[in-house]
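Let us walk through this model together, one place at a time. Keep the picture open beside you as you read.

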Amino acid sequence: KLPVSYFTERPKLPDNYTQDTWQKLHEAVGAIQSSISIKYNLEELYQAVENLCSYKVSATLYKQLRQVCEEHVKAQILQFREYPFVMHRNSLDSLLFLKKINKCWQDHCRQMIMIRSIFLFLDRTYVLQNSVLPSIWDMGLELFRNHIISDKQVQTKTIDGILLLIERERNGEAVDRSLLRSLLSMLSDLQQVYKESFEQRFLEETNCLYAAEGQRLMQEREVPEYLHHVNKRLEEEGDRVITYLDHSTQKPLIACVEKQLLGEHLTAILQKGLDSLLDENRIPDLTQTYQLFSRVKGGQQILLQHWSEYIKNFGTTIVVNPEKDKDMVQELLDFKDKVDHIIEVCFQKNEKFINLMKESFETFINKRPNKPAELIAKYVDSKLRAGNKEATDEELERILDKIMIIFRFIHGKDVFEAFYKKDLAKRLLVGKSASVDAEKSMLSKLKHECGAAFTSKLEGMFKDMELSKDVMVQFKQYMQNQSDPGNIDLTVNILTMGYWPTYTPMEVHLNSEMIKLQEVFKTFYLGKHSGRKLQWQTTLGHAVLKAEFKEGKKEFQVSLFQTLVLLMFNEGDEFSFEEIKMATGVEDSELRRTLQSLACGKARVLIKNPKGKDVEDGDKFIFNGDFKHKLFRIKINQIQMKETVEEQVSTTERVFQDRQYQIDAAIVRIMKMRKTLGHNLLVSELYNQLKFPVKPGDLKKRIESLIDRDYMERDKDNPNQYHYVA
């Protein structure tokens with residue numbers, strides 16, 4: 001067992017222990033401050049501090065230590081007074097001064113670390129328990145701030161020197177970045193000095209520099225170069241924050257650069273260069289424009305406005321110019337592809353840019369009513385017609401999808417429907433459709449876009465073609481049971497009048513065999529479908545003729561009009577224009593085109609006398625017995641009459657007529673439901689219901705027409721009020 005003795009009282013310190021120990025500590029602090037070796041062992045010094053603290057001498061010890069440190073720091077200020085107060089911008093004085101102050105700061109930090117390690121016990125007991133007292137390290141910072149950095153001359157020289165170095169670096173010179181990092185770290189450690197004395201002046205100078213630079217470079221440089229420079233400056237300033245500035249400066253510094261180089265010049269940049277960037281499709285530059293403008297408040301909004309204006313202006317040049325009609329749709333598709341690519345790659349698929357692009361397309365495409373709708377229908381026809389070798393099925397599907405996007409922007413969709421229907425009829429009746437799948441795909445796209453009512457007639461046309469095939473199977477069986485089936489193989493397409501475009505019937509003189517066949521078919525069909533009326537459309541007929549020449553037999557694929565002309569040459573070898581006209585009954589202009597195709601085209605079955613491209617009155621036509629051709633079956637194309645202005649006008653007029661009926665029906669429907677309604681409310685309701693663009697004046701005319709026809713009446717007291725007449 002170990003006996004434990006309890007001291008009745010604490011042992012006393014030897015006389016003069018406090019004074020002698022402080023003397024030792026004072027000498028050690030002096031040695032540290034003078035950068036000479038300490039006589040005493042550090043552990044011994046630490047123990048001495050601990051002993052003094054144990055005997056309640058902490059307050060005196062802290063006070064004495066502070067006094068010694070303060071005297072030393074005060075003495076340091078003298079070395080900075082020898083520098084001239086006013087420094088020339090290019091003199092070395094500034095750099096030497098900064099190096100000197102940096103050395104002083106580094107020495108001070110090193111000394112305070114050493115001193116604190118000796119007085120650690122004091123720092124962790126007495127100082128920690130007294131919240132009013134700064135720690136030994138903070139005391140050192142406070143002394144350095146109060147006696148050196150707060151000195152007006154020293155502070156001004158230090159901050160002037162730092163700003164001069166940063167300015168030189170911004171001008172492209174190499175500077176000592178580690179010196180800057182150390183000095184700015186010093187200002188940050190000294191708390192408010194960085195914020196109050198340095199940062200404020202630094203941001204003011206940055207503001208002035210970039211304000212002047214922005215004004216100058218906007219005059220001197222092209223937009224891509226200018227934006228590249230702005231990007232470079234932002235990267236440089238970001239790097240500056242990482243390398244030597246305090247992190248808290250980042251936000252105001254970057255905001256300052258953005259404001260002066262971008263914010264002040266947003267409209268000028270776009271007016272000067274956006275159109276050319278978009279015209280030339282400069283993807284990297286547009287990406288940079290979007291990224292930089294997104295950084296500035298209101299930047300995206302201004303970019304959006306100019307983006308929209310560009311689309312409207314460029315699109316209008318495509319749509320409004322009649323000389324561009326031939327390529328309008330292709331140009332619209334190419335333009336749409338281009339803006340889609342820019343949105344995807346440069347504008348990060350930003351919804352605002354997508355929506356505004358759609359609005360802009362809708363605005364410019366409807367600046368010229370009806371024509372784009374007509375041309376889109378014809379473009380679809382060119383793609384769906386047989387002989388279109390440009391595209392595979394997948395490519396064709398992609399083209400149709402793109403067309404539908406453009407179609408969506410059009411207000412007068414009924415114009416598209418009228419022309420599409422006309423072209424579809426030609427493709428179906430002449431067997432010119434490239435692919436039934438593609439036709440059906442287009443139909444389903446239209447149905448999805450505009451509803452079943454829009455495509456019901458188009459679907460009816462396909463249905464007619466399928467029913468006609470079934471009828472022909474039955475007709476062939478019927479003919480086999482006839483006593484005299486004849487040697488002409490007849491195929492008939494039965495078209496429901498309401499589904500198909502309106503065709504003007506043309507009376508021609510068919511030969512007796514044809515007339516007989518027509519009658520046989522009529523008897524067969526009406527026997528199955530009583531109460532129906534058949535009207536033959538000779539303009540749409542075609543035939544395959546067998547012919548014999550000196551070289552041998554040939555077959556011709558020809559229209560009904562060509563057939564009637566060629567059959568005449570079974571009766572003789574030469575006929576005049578007038579004789580042919582009399583015998584066939586074909587209308588004058590139609591006959592001229594027919595004879596042109598037979599006598600002036602590639603396959604010249606007839607010889608025209610006199611020679612020439614056009615068929616004139618009195619021309620004679622002789623059968624060409626020496627006709628030669630490498631193919632056995634030859635298709636003689638009818639000379640295509642370009643769609644005449646009259647045809648286009650009549651199609652458009654039919655659309656307008658249909659629109660009037662729709663307006664009338666909508667007015668009656670609304671009035672029947674509401675009974676009484678004011679003019680403005682009626683017009684508003686009509687705009688909601690009608691799916692095509694209409695002017696208020698047109699609506700007023702239709703209302704007047706319905707009043708005249710007693711469908712509705714004006715209120716006797718209020719002329720702007722209408723009543724439904726049951």
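Lysine 675 sits in the loop between H27 and strand S7 (676-678). Helices (H or I, at least four residues) and strands (E, at least two) are DSSP runs, numbered from the N terminus. Although lysine 675 is not a glycine, its phi is positive, at about 70 degrees.

Before going on, a word about the model. It is a predicted one, in which local features need pLDDT of at least 70 and side-chain atom pairs count only at pLDDT 80 or more, while totals for chains, interfaces and linings use all residues. Residues are numbered from 1 along each chain as its sequence is written, and side-chain values use heavy atoms, with hydrogens and water left out.

Two further spots concern the backbone. Most residues other than glycine have a negative phi, and most peptide bonds are trans. Aspartate 710, not a glycine, has a positive phi of about 65 degrees. Aspartate 710 belongs to the loop between H29 and S8, and is exposed, with a relative accessible area of 58%. The peptide bond from asparagine 609 to proline 610 is cis, with omega near -5 degrees. You can find proline 610 in the loop between strand S4 (606-609) and strand S5 (620-623).

Now to charged pairs. Side chains of opposite charge can pair when their charged atoms come close. A salt bridge is taken here as a side-chain nitrogen of Lys or Arg within 4 Å of a carboxyl oxygen of Asp or Glu, and by this rule the count comes to 49 salt bridges.

Which residue forms a salt bridge with aspartate 664? The partner is arginine 709, with the closest N and O atoms 3.0 Å apart. This pair links distant parts of the chain, 45 residues apart: aspartate 664 is in helix H27 (residues 645-674), and arginine 709 is in the loop between helix H29 (696-708) and strand S8 (712-714). Aspartate 664 counts as buried at 9% relative accessibility, whereas arginine 709 is partly exposed at 41%.

Another salt bridge joins arginine 714 to glutamate 704, with the closest N and O atoms 2.4 Å apart. Arginine 714 lies in strand S8 and glutamate 704 in helix H29, so the pair ties together parts that are ten residues apart in sequence. Arginine 714 is partly exposed, with a relative accessible area of 31%, and glutamate 704 counts as partly exposed at 31% as well.

A further example lies within one helix. The side chains of aspartate 340 and lysine 336 meet in a salt bridge (2.8 Å, N to O). Both residues lie in helix H16 (residues 328-345), four residues apart, about one turn of the helix. Aspartate 340 is partly exposed at 28% relative accessible area, while lysine 336 counts as buried at 8%.

Back in helix H27 you will find valine 655. Is valine 655 buried or exposed? At 3% relative accessibility, valine 655 counts as buried. Leaving aside neighbours within four places in sequence, valine 655 is in contact (heavy atoms within 4.5 Å) with Asp414, Val415 and Ala418.

Finally, step back to the domains. The domain assignment, which is automatic or from a database, gives domain 1 (16-151), domain 2 (271-452), domain 3 (464-528), domain 4 (541-643) and domain 5 (646-724). The C-alpha centres of domain 3 and domain 4 lie 25 Å apart, and their contact takes seven residues from domain 3 and twelve residues from domain 4.

The area buried between domain 3 and domain 4 is about 650 Å², and carbon and sulfur atoms give 71% of it. Buried area is the accessible area (1.4 Å probe) that two parts lose on being put together, summed over both. In domain 3, Met506, Val508 and His509 lose the most area to domain 4, together 66% of what that side buries. Across this interface of domain 3 and domain 4, the rule finds zero salt bridges.

Key
Buried < 20%, exposed > 50% of the residue type's maximum accessible area, 1.4 Å probe, protein only.
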